[in-house]
Amino acid sequence: MKILIDTNVLISALIFHGKPLALLNKLILKGYTIYVTSYIEQEFKEKLMQKWPYKADNIYKIYKNIGFSFLRSSEEKFGTLRDEKDIQILSDAIFYGINVILSGDKDFLESGLKYPMVMSVSMLYDYLDLNKDEHN
Amino acid sequence: MNTALVNELYVQLSDESKSDAIDYMEYLIERDRKRRAEKLVKACEEIDKILDGDTGWANEEEMVADMANFRKNKMKL
């Protein structure tokens, strides 16, 4: 299964940790491939610069060293969304045959997409039945 | 090392050695996954040190809303 993480999940995991980080950790241990796109990386970088201008470069370097699978964003647009802001993410997901887009954005989650599926951290936990591991 | 070479080596093994080779590859896969997961956790620890308690947003909900606006503004929507 190919999982693309949206910028908000990337920030949640790296800055706030909690369940998003635990999920990414589990996905890696279970052999799922986690993807980021050039669009997401650029957005992440710009937000780091805006929030922490003097620390952004160091944080970005640390992020790059994690080694998520990288995809160059497509210039063509694929798919349609009512909420146009997420079209690049959807487009890249379709272009690269992504199965699940992991996002925390309410509008994206409520887009009703069937393929690729758009899931929150909790939804993907349930979908992959990962909660049971924590109780064993 | 490419797949063709691995296949070439693999077909020369006895059945018993093939089984051992598969076990070893599974062990390596598991080890690689653990290393990648540890790398992620270590990266977060390093980021924590740099940020020194400044998470940038009051909470995750605020961050998600901010990122949605950020994307909208970038796309001039």
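**View 1. The interface between chain B and chain A in the predicted model.** The contact draws on 41 residues of chain A and 31 residues of chain B. Together the two chains bury about 3,500 Å², and 68% of this area lies on carbon and sulfur atoms. The size of an interface is often expressed as the accessible area that is lost when the parts come together. Between chain B and chain A there are 12 residue pairs in polar contact, counted where both residues have pLDDT 80 or more. On the side of chain B that touches chain A, the elements that give two or more residues are α2 (15-51) and α3 (60-74) of chain B. Of these, α2(B) gives the most to that side, with 14 residues. By residue class, the side of chain B that touches chain A divides into 16 nonpolar, 12 charged and three polar residues.

**View 2. Salt bridges across the interface and within chain A.** Over all chains the structure holds 11 salt bridges, and five salt bridges are found across the interface of chain B and chain A. In one salt bridge, A:Glu43 pairs with B:Arg71, and the closest N and O atoms of this pair are 2.7 Å apart. Within chain A, the side chains of A:Lys64 and A:Glu41 meet in a salt bridge with an N to O distance of 3.1 Å.

**View 3. The surroundings of A:Asn25 at the contact with chain B.** A:Asn25 lies in helix α2 of chain A. Leaving aside residues up to four places away in sequence, A:Asn25 touches B:Ala37, B:Leu40 and B:Val41. A:Asn25 and A:Asp129 are 104 residues apart in sequence, while their C-alpha atoms are 15 Å apart in space.

**View 4. The open parallel sheet of chain A.** Five strands of chain A form an open sheet in the order β3-β2-β1-β4-β5, and their pairing is parallel. β3 (69-71) and β5 (117-119) of chain A stand at the edges with a single partner strand each, so one side of each is left without a neighbour in the sheet. From one strand to the next, the twist averages 35°. Strand β1 (residues 2-5) of chain A runs parallel to strand β2 (residues 33-37) of chain A, and three bridges join the two. A:Lys2 has A:Thr33 as its bridge partner in β2(A). β1(A) also pairs with β4(A) in the parallel sense, over three bridges, and in β4(A) the bridge partner of A:Ile3 is A:Val100.

**View 5. Helices packed on the sheet of chain A.** Helix α3 (residues 38-51) of chain A packs on the sheet, where it touches β1, β2 and β3 of chain A, and its direction makes about 65° with that of β2(A). Helix α5 (residues 87-95) of chain A lies across β1, β2 and β4 (100-102) of chain A, and it runs at about 145° to β4(A).

**View 6. Backbone geometry in two loops of chain A.** The peptide bond from A:Tyr115 to A:Pro116 is cis, with omega near -5°. A:Pro116 is placed in the loop between α6 (106-109) and β5 of chain A. In another part of chain A, A:His17 has a positive phi of about 65°, although this residue is not a glycine. A:His17 is found in the loop between α1 (7-16) and α2 (18-29) of chain A.

Notes:
Residues are numbered from 1 along each chain as its sequence is written. Chains are lettered from A and ligands numbered from 1 in the order in which they are written. This is a predicted model: local features need pLDDT of at least 70, side-chain atom pairs count only at pLDDT 80 or more; totals for chains, interfaces and linings use all residues. Side-chain values use heavy atoms; hydrogens and water are left out. Contact means heavy atoms within 4.5 Å. Buried area is the accessible area (1.4 Å probe) that two parts lose on being put together, summed over both. A salt bridge is a side-chain nitrogen of Lys or Arg within 4 Å of a carboxyl oxygen of Asp or Glu. A polar contact is a pair of N or O atoms within 3.5 Å; within protein, one must be able to donate a hydrogen and the other to accept it, and residues adjacent in sequence count only if both atoms are side-chain atoms. Helices (H or I, at least four residues) and strands (E, at least two) are DSSP runs, numbered from the N terminus. Ala, Val, Leu, Ile, Met, Phe, Trp, Tyr, Cys and Pro count as nonpolar, Asp, Glu, Lys and Arg as charged, and the others, Gly among them, as polar. Two strands pair if DSSP finds at least two bridges between them. Axes are lines fitted to C-alpha atoms, for helices over the stretch in contact, and angles run from 0 to 180 degrees between N-to-C directions.
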